[in-house]
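Please look at the sequence and the structure shown below, and keep both in view while you read. The notes that follow are a short briefing, grouped by topic.

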Amino acid sequence: MSKRFLPFLSILMLPFVLSPPASGLSAEEATGQEGAAVEAEVHLANVRQLTFGGENAEAYFSHDGSEIIFQSTREGVPCDQIFRMNLDGSNQRMVSNGEGRTTCGYFYPDGESIVYASTHLGSPECPPPPSFRMGYVWATYDSFDIFRASPDGALTRLTDTPGYDAEATIGPDGRIVFMSVRDGDQEIYSMNGDGSDVRRLTHRQGPDGGPFFSPDGSKIIFRGRGIPDGPEFDDYKRLLDQGLWRPSAVELFVMDADGSNLKQVTDLGGANFAPFWHPDGERIIFASNSHNPEGRNFDIFMINLDGSGLEQITYTDVFDGFPMFSPDGAKLIFASNRNAAQEGETNIFIADWVE
Ligand SMILES: [Ca+2]
Ligand SMILES: [Ca+2]
Ligand SMILES: [Ca+2]
């Protein structure tokens, strides 16, 4: 999964979200639920806001499309914990253990057990955010490991190697794909749902992460960048050794589930991340700032797997990202700073998808 954009984006976007007109919403739209909708977004109908306040992101449907899992920092929750809710936003409840910082919650195919990453074995407290002096970076905390939580909340640790393990998602057959720095670089691995049979899938210098299986489980889409030796790699490696990453330049790639047949999907510039499959297995929806690579305005785009047919889906001047289709393709969920009641808050939205 893709995390770690939002806390830093929220900070960096302050000047942009202070003035409501910059959101692309009219004053009339900016009040109430109607403010979730934007006229230019022709593929999105009946946009509904599901969370109200705090930082909510990485919302993912269960495999049968009946429920949503997401991470939230909100009143009484000082750093991200994993929540579940119904598709109308009702019955929101924390399902992680409330300790440390968590990220990247995802349902097992049974719709009961979940997987998520947490720092709680390092400390029950929230880990300190990276220094603002580091600029625009994600913290890939060393203490993150991946856990399976059964419906009663009991945790099974699935990774135990030193360094960051997170961004776990689960394919239709229950196999997990995730990112780890266990071999000294950001790489993608897969494992069985119980943590056994770990296989390394990427082998290139530079960041690789945020993987998702295709609907039939045969392919994996992810964000990445190959970096040759030189000043850019030296900077990447220096940050990596501090548990940090500057995600300013990444594109989308696809490979077979065994790591073979690696192909680049986007070549847009800027940061392209949070890819997810349309149920047809031929199209990818993702977040990008390629239309404004130095800026903080991300929007959601869609592209064919062969790199053709790029289309912009959202149109606001603030962050829109983490898109995911329901299994039948009828709905899209995403995170956005649109319609924020307070500056910098990020909420989950759901829309009917219009082809
Ligand atoms: Ca670890
Ligand atoms: Ca790599
Ligand atoms: Ca936007």
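This is a predicted model: local features need pLDDT of at least 70, side-chain atom pairs count only at pLDDT 80 or more; totals for chains, interfaces and linings use all residues.

Gly-217 lies in the loop that runs between β15 and β16, the latter covering residues 219-224.

**Surroundings of Gly-217**
- Leaving aside residues up to four places away in sequence, Gly-217 touches Gly-171, Pro-172, Asp-173 and Ala-257.
- Between Gly-217 and Phe-334 there are 22 Å in space, taken from C-alpha to C-alpha, and the two residues are 117 residues apart in sequence.

**The sheet with β15 and β16**
- Strands β15, β16, β18 and β19 form, in the order β15-β16-β18-β19, an open sheet of 4 strands with antiparallel pairing.
- The edges of this sheet are β15 (208-213) and β19 (263-264), and each has a single partner strand, so one side of each is left without a neighbour in the sheet.
- Strand β18, which spans residues 251-256, runs antiparallel to β19 and is joined to it by 2 bridges, and in this pairing Phe-253 stands opposite Gln-264 of β19.

**The sheet from β11 to β14**
- Another open sheet, of 4 strands with antiparallel pairing, has the order β11-β12-β13-β14.
- At its edges are β11 (165-170) and β14 (199-200), each of which pairs on one side only.
- Strand β13, made of residues 187-191, pairs with β14 in the antiparallel sense over 2 bridges, and the bridge partner of Tyr-189 is Arg-200 in β14.

- Strand β24, residues 320-325, is mostly covered, since 6 of its 6 residues are buried.
- The antiparallel partner of β24 is strand β25 (residues 331-336), and 4 bridges join the two, with Gly-321 standing opposite Ala-335 in β25.
- Together β24 and β25 form a hairpin that has 5 residues between its strands, and Gly-329 in the turn has a positive phi of about 75°.
- In a regular strand the side chains alternate between the two faces of the sheet.

**Confidence in the model**
- The protein chain has a mean pLDDT of 91, and 90% of its residues reach 70 or more.
- Over residues 1-32, however, pLDDT stays under 50, and for these residues the model has 73 contacts beyond four places in sequence.

How values were computed
Residues are numbered from 1 along each chain as its sequence is written. Chains are lettered from A and ligands numbered from 1 in the order in which they are written. pLDDT is the predictor's confidence in each residue, from 0 to 100. Two residues are in contact if their C-beta atoms, placed from the backbone, lie within 7 Å. Two strands pair if DSSP finds at least two bridges between them. A residue is buried if 20 or more other C-beta atoms lie within 10 Å of its own, exposed if 12 or fewer, and partly exposed in between; C-beta atoms are placed from the backbone.
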